[in-house]
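Thanks, everyone, for making the time. Let me put the model on the screen before I say anything about it.

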Amino acid sequence: MGYFRRVWQGVRTTAKGMKITWDHFFTKPTTIQYPEEEPYFSPYERGIHEFEPDKCIVCFLCAKACPVDCIKIEGSPGKNAVLTKYEIDYNKCLFCALCVDPCPVDCIHMGQQYDLSAFDRTKDVKIDFTKGEGPWRTAKTSAEPGAGLRLEE
Amino acid sequence: MREWIDHLAATNELIGSLPRGFLYTIGIALGCTAVLLFVSLFAGEIVWMERRVAGRMQARIGPNRVGPQGLLQFLADGVKLLAKEDVIPAGADKPVFLLAPIIVFAGAFAAFAAIPFGYGLVPADMNVGLFFILSISSIEVVGVIMAGWASNSKWAVLGAMREVAQVVSYEMPLAISALTVVVLSGTLNLTDIALQQSGGIWNWYVLQSPATFAGFFIFFTAMLAALKRAPFDLPEAESELVAGFHTEYTGFRFAVFFLAEYSGMFLFAILTAVLFFGGWNSGFGLESLLSGEAERWVGALILFVKSCFFLFVMIWVRWSLPRYRVDKVMYLCYKVLLPWSVVAVVVAALQVLLFSALGWSR
């Protein structure tokens, strides 16, 4: 390549490169300002579970399906089923949603709650769903119950 | 500075009653402190500006949490750097290692002595102002080489070697392209150069002649090399040499290098605005509406805005272009910038001769 062509190409490609960043300068930033803005999730997002204790018939199918055995259920099965404890240990849970499919009464499904931070690993990360709202479910970002799409639908 | 103090003494009785020598001493001390403070703080804000602009160019936001829109980010960073351990590597040449950041800092800041921030707002209005700035700002290079050599680190030495190779190639086109303006203006005094550009936008030197128009681009390119900024950031080359010449520096010493780099940016941004873009003249006759002190300070603001624009361009270039290879920098400086800057100076000289032969003023 001749000298003048080389110089011209240098100038031209520099201008071209500058044009690209100039255009990008006026694009909208994709950053989500996390605590103030909420990220968008797909309806199929697998966050913390939503559980409906009134429907549960204590059949233990979800606990059997769980590959990491993180669901602890206490109660008596049968016609007048009594559920005293339904605890999911989120230290172990891998959000595979395998507990959702086997439930015959469709009382457990995956929620939209993504914020998994907690202060105490021994207490806060285990949620007993029979005791009303867990620490995460009271959080500001908690999605409405039932917002998560049920997988069989 | 002296004119300004004389003016103040003439208008204010209390100040006028004090001995003149005392006033000059106090004035110079206060002026130096003010310039040092302003430049240091603004250098911090340039860092913020760089991070915000870089963020926007990469479709993200950049620091916006500390203070309004992140304006105080540099203070947080500075406090963090001050809290760091001060490491001097084993086997380092200790006196040289400790002296290097001081020399870099002094080189970057001494050049501000001749910079006019506005009409009469120049710490030392010397008749060789441009020459002074170009030569004093080169002292920074000595500090960089000392830092690289004294660190006893392979990365640092490689960075210093690259800096040496770079400095001998960019200094000549930098000075010669600045000469195009000097040939047309007939002075090295920056205040006079800016005064000659008063009036309309067509009086700005960048539009005065094809020589200065080309000279501006050569000056700007060589300036980027002088500031060790991308695409000429070979001496620090993060992706190749860790941090180049300041790899081994920590805490406050690193902060000093950083501050010197960004205040150097501000220096050259003002210099470009004064040499080529009319200094404190707005270019559309805003000054004629004002008078006295108001004109002075509005002019300073105009110059500040212009230099901010050049800072933006420097940042824009940095986040657009990849780093040159070492031999390509030599090629660019010796084979492209140097001959073209010489051609520009010759054209400017011919223009001056032609205009004086025809009896035109400029």
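Predicted model: local features only at pLDDT ≥ 70, side-chain atom pairs only at ≥ 80, totals over all residues.

Residues are numbered from 1 along each chain as its sequence is written, chains are lettered from A and ligands numbered from 1 in the order in which they are written, and side-chain values use heavy atoms, with hydrogens and water left out.

Chain A has 2 helices and 5 strands, where helices (H or I, at least four residues) and strands (E, at least two) are DSSP runs numbered from the N terminus. In order from the N terminus, those elements read α-β-α-β-β-β-β. Of the 153 residues in chain A, 32% are buried, and here buried means under 20% relative accessible area, exposed means over 50%, and partly exposed lies in between, with a 1.4 Å probe and protein chains only. Among the contacts in chain A with a separation of 6 or more, 67% are between residues 24 or more positions apart, a contact being heavy atoms within 4.5 Å.

Which residues does A:F51 contact, leaving aside its neighbours within four places in sequence? They are A:C56, A:L83, A:Y86, A:C107, A:I108 and A:F129. The C-alpha atoms of A:F51 and A:M110 are separated by 8.6 Å, although the two residues are 59 apart along the chain.

Staying with chain A, A:A97 lies in the loop between β3 (82–89) and β4 (108–113), and its phi is near 65°, a positive value in a residue other than glycine. A:A97 counts as buried, at 4% relative accessibility.

Now to chain B. The axes of helix α5 (residues 94–110) and helix α7 (residues 139–150) of chain B come within 7 Å and cross at roughly 160°, the axes being lines fitted to C-alpha atoms over the stretch in contact, with angles from 0 to 180 degrees between N-to-C directions. α5(B) and α7(B) are therefore roughly antiparallel, since angles under 35 degrees count as roughly parallel, over 145 as roughly antiparallel, 65 to 115 as roughly perpendicular and the rest as oblique. The residues of this contact of α5(B) with α7(B) divide into 12 nonpolar, 2 polar and 1 charged, where Ala, Val, Leu, Ile, Met, Phe, Trp, Tyr, Cys and Pro count as nonpolar, Asp, Glu, Lys and Arg as charged, and the others, Gly among them, as polar.

Finally, the loop between α10 (210–226) and α11 (238–241) of chain B holds B:P231, which is joined to B:A230 by a cis peptide bond with omega of about 5°. B:A237 is found in the loop between α10 and α11 of chain B; its phi is near 25°, positive in a residue other than glycine, and B:A237 is buried, with a relative accessible area of 0%.
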